[in-house]
Amino acid sequence: MRVAAFAIVIIATIWTAAPARAQTYDPKYPVCLELYGEDGSVIECGFTSLAQCTQAASGGRSAMCFNNPYFANA
């Protein structure tokens, strides 16, 4: 019985100590840029306007600008 209880405690500790995934969308900025590459896509939310994002996306890269769904109005 002690072994089962110890195993449950160990499993619970591992689950709670596992690293959490980082938040993809920064709620401080209203516009995000998604860059596509061979290894998948990366989302960068650090733009204040679609024009600013479009300028950063230009240059031959495969990218798309979109409104941040988690933007928190100030």
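Leaving aside neighbours within four places in sequence, Phe 47 is in contact with Tyr 29, Pro 30, Val 31, Leu 33, Gln 52, Cys 53 and Ala 56, where contact means heavy atoms within 4.5 Å. The model is predicted, so local features need pLDDT of at least 70 and side-chain atom pairs count only at pLDDT 80 or more, while totals for chains, interfaces and linings use all residues. Residues are numbered from 1 along each chain as its sequence is written, and side-chain values use heavy atoms, with hydrogens and water left out.

**Confidence**

The mean pLDDT (the predictor's confidence in each residue, from 0 to 100) of the protein chain is 83, and 78% of its residues reach 70 or more. Helices (H or I, at least four residues) and strands (E, at least two) are DSSP runs, numbered from the N terminus.

In soluble globular proteins, nonpolar side chains tend to be buried together.

Five of the seven residues of strand 1 are buried; buried means under 20% relative accessible area, exposed over 50%, and partly exposed in between (1.4 Å probe, protein chains only). Strand 1 runs antiparallel to strand 2, and seven bridges join them; two strands pair if DSSP finds at least two bridges between them. These two strands form a hairpin with two residues between them. Strand 1 also pairs with strand 3 in the antiparallel sense, over five bridges, and Val 31 has Asn 67 of strand 3 as its bridge partner.

**Disulfides**

The structure holds two disulfides, a disulfide being a pair of cysteine sulfur atoms within 2.5 Å.

| Pair | Sulfur distance | Angle about the S-S bond |
|---|---|---|
| Cys 32 and Cys 45 | 1.9 Å | 100° |
| Cys 53 and Cys 65 | 2.1 Å | -95° |

The link of Cys 32 and Cys 45 is right-handed. Cys 32 lies in strand 1 and Cys 45 in strand 2 (residues 40-47), 13 residues apart. Both are buried, and Cys 45 is the bridge partner of Cys 32 in strand 2.

The link of Cys 53 and Cys 65 is left-handed. This pair joins helix 2 to strand 3 (residues 63-67), twelve residues apart. Cys 53 counts as buried at 0% relative accessibility, whereas Cys 65 is partly exposed at 22%.

**Aromatic rings**

Rings of Phe, Tyr and Trp (its six-membered ring) pair if their centres lie within 6.5 Å; planes under 30 degrees apart count as stacked, over 60 as edge-to-face and the rest as tilted. The count comes to two aromatic pairs. Tyr 25 and Phe 66 are edge-to-face, 6.2 Å centre to centre with 80° between the planes. The rings of Tyr 25 and Tyr 70 have their centres 5.2 Å apart and their planes at 45°, so this pair is tilted. Within it, Phe 66 counts as buried at 17%, Tyr 25 is partly exposed at 21%, and Tyr 70 is exposed at 51%.
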